[in-house]
Amino acid sequence: RDPSKMSDEVKKAVARAPAARQIALGRFGPELLFRGPVVGQPIQVVVTGEISPAQTLGAVERATGALPDDVVLSLVELIAQLHAAGVRLADPHLDNFLLSDSGLLRCVDGGAVRAVGRPVSGAAGWHDLGRVLAQLRFSAGRDNAELARVYGVTRGVSPDPARLTRACVRWRRIRWRHYRRKVTRDCSEFVTRTGPNWRRVWRRDLDTPAFRVLLDSIDAALTGPRSTLLKQGNSATVARVETAAGDFVIKRYNIKGSGHFLRRLGRRSRCIAAWRAGHFLRLFGLPAVEPGAVVESRPARLPAPGYLVTRYAAGSASTECFGELPWSDATLRAAFAVKELFVAMQELGFSHGDLKASNLLVDHGRIALLDLEGLRWFRSRRALARAIDRDRQRFLANWSKPVRQRFAAIFEQPARGVAP
């Protein structure tokens, strides 16, 4: 039917139809082979050609840690082409994009797009591009100005990196706000069990009988024969525990005394705070120990010991790695990873709160943050800058003057760009 002769209601109905949305993808998705009803069944089907061998961008990112720069540029070009054709993405997560072995990138979920019938406006285009880029893991070397230039050239519009940056910041906050609620409820990724005075949450990929046994007897496991004490302090006890479910580290958050008990009244549990912080860092691909479970006890909503279970991470304290000059190549990579961590703090709007040397684990050029219960998020750029400066000064205070000077020189080197 001639689209110019359709009523507005019919146009909207056609745009909502999955088959029509698949057609709207046109050259941006797999070839449409068939659309129509199934004989004898009250259903409609869409059949497309196969793109093989290929994998989703989500799978590529999980395998490589971060999407390569050329793939990100191809993604930006594809979004620009979709917008120029009047197609907007309703659900732009990375598993809706398929990358072939030849480097061809396609959008594969026709039901997750909306055909608007005209090129997407500039403001809406930057908004949608920021939403897509906010799905990527953080990379300190990713350049907003270059991504805006590629999008602008592909669409024939003026680049606007400032607007793109604002859109990325906004969508990251939205993404974390949604995920923050998810990490403490029962869903496809997490298992949650609650009682009158307790709550347990653990990752579903760890949900085995052996892991449940560990959670049922977590205090006994902390001091049992298969545990190795890592830290015995007034505020926390930490031990490595080898179990049939795997190798884990259990941290028990202690109540030191009546004064500490009173200070904790009305405040969130430290174990829950660390659990959420760990998943925030995990969501954006930042280096931290991997949280596996949290066990919270709140008798009559009063403060009580809580437990955080993380996967055991090999490595040594940063004092053993950075303490002496000259540094090896692996140590230098770790130093630049610390620099990228501070860039991430600035871009993602958070601070650690206690970045002493013992809270940073180093292993073959990689780093991992520990003690995440003090992680804080900021909306005020001024307050954020002060908090990051305190973290930086706390970190540098760990080292001798020559090492501090070496770190200072690395920190002063400009990043290749502003990460989206």
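Which residues lie nearest the centre of the second largest pocket? In this predicted model, they are Leu-230, Val-238, Val-249, Leu-370 and Asp-371, and the pocket is lined by 25 residues. Sorted by class, the lining has 14 nonpolar, four polar and seven charged residues. The space in the second largest pocket amounts to about 600 Å³.

The next topic is helix packing. Two packed helices are described by the angle between their axes and by the distance between those axes. The table gives these values for two pairs that involve helix H7 (residues 161-182).

| Helix pair | Angle between axes | Distance between axes |
|---|---|---|
| H6 (residues 144-155) and H7 | roughly 110° | within 9 Å |
| H5 (residues 122-133) and H7 | about 50° | 8 Å |

The axes of H6 and H7 cross at roughly 110°, which makes H6 roughly perpendicular to H7. This crossing of H6 and H7 is right-handed. On the H6 side, Asn-144, Ala-145, Leu-147 and Ala-148 take part in the contact, and they meet Pro-161, Leu-164 and Thr-165 of H7. The contact of H6 with H7 comprises five nonpolar, two polar and no charged residues.

H5 packs against H7 at an angle of about 50°, and the two helices are therefore oblique to each other. H5 also passes H7 in a right-handed crossing. Residues of H5 in this contact include Trp-126, His-127 and Arg-131, while those of H7 include Arg-163, Leu-164 and Trp-171. By class, the contact of H5 with H7 has eight nonpolar, three polar and three charged residues.

Two backbone details remain. Most residues other than glycine have a negative phi, and most peptide bonds are trans. Where does His-364, with its positive phi, lie? His-364 is found in the loop between strand S17 (360-363) and strand S18 (366-369), and its phi is about 50° although it is not a glycine. The peptide bond from Leu-325 to Pro-326 is cis, with omega near 0°. Pro-326 belongs to the loop between helix H12 (318-322) and helix H13 (329-348).

Methods: Residues numbered from 1 in each chain as written. Predicted model: local features only at pLDDT ≥ 70, side-chain atom pairs only at ≥ 80, totals over all residues. Heavy atoms only, no water. Axes fitted to C-alpha atoms, helices over the stretch in contact; angles between N-to-C directions. Helix = DSSP H or I, 4+ residues; strand = E, 2+ residues; numbered from the N terminus. Parallel < 35°, antiparallel > 145°, perpendicular 65-115°, else oblique. Left-handed = near helix turned anticlockwise from the far one by under 90°. Contact = heavy atoms within 4.5 Å. Nonpolar A, V, L, I, M, F, W, Y, C, P; charged D, E, K, R; others polar. 1 Å grid on protein atoms, 1.4 Å probe; cavity = no way out; pocket = protein on both sides within 12 Å on 5 of 7 lines; lining within 4 Å. Points joined across faces, edges and corners; volume = space filled by probe spheres on them.
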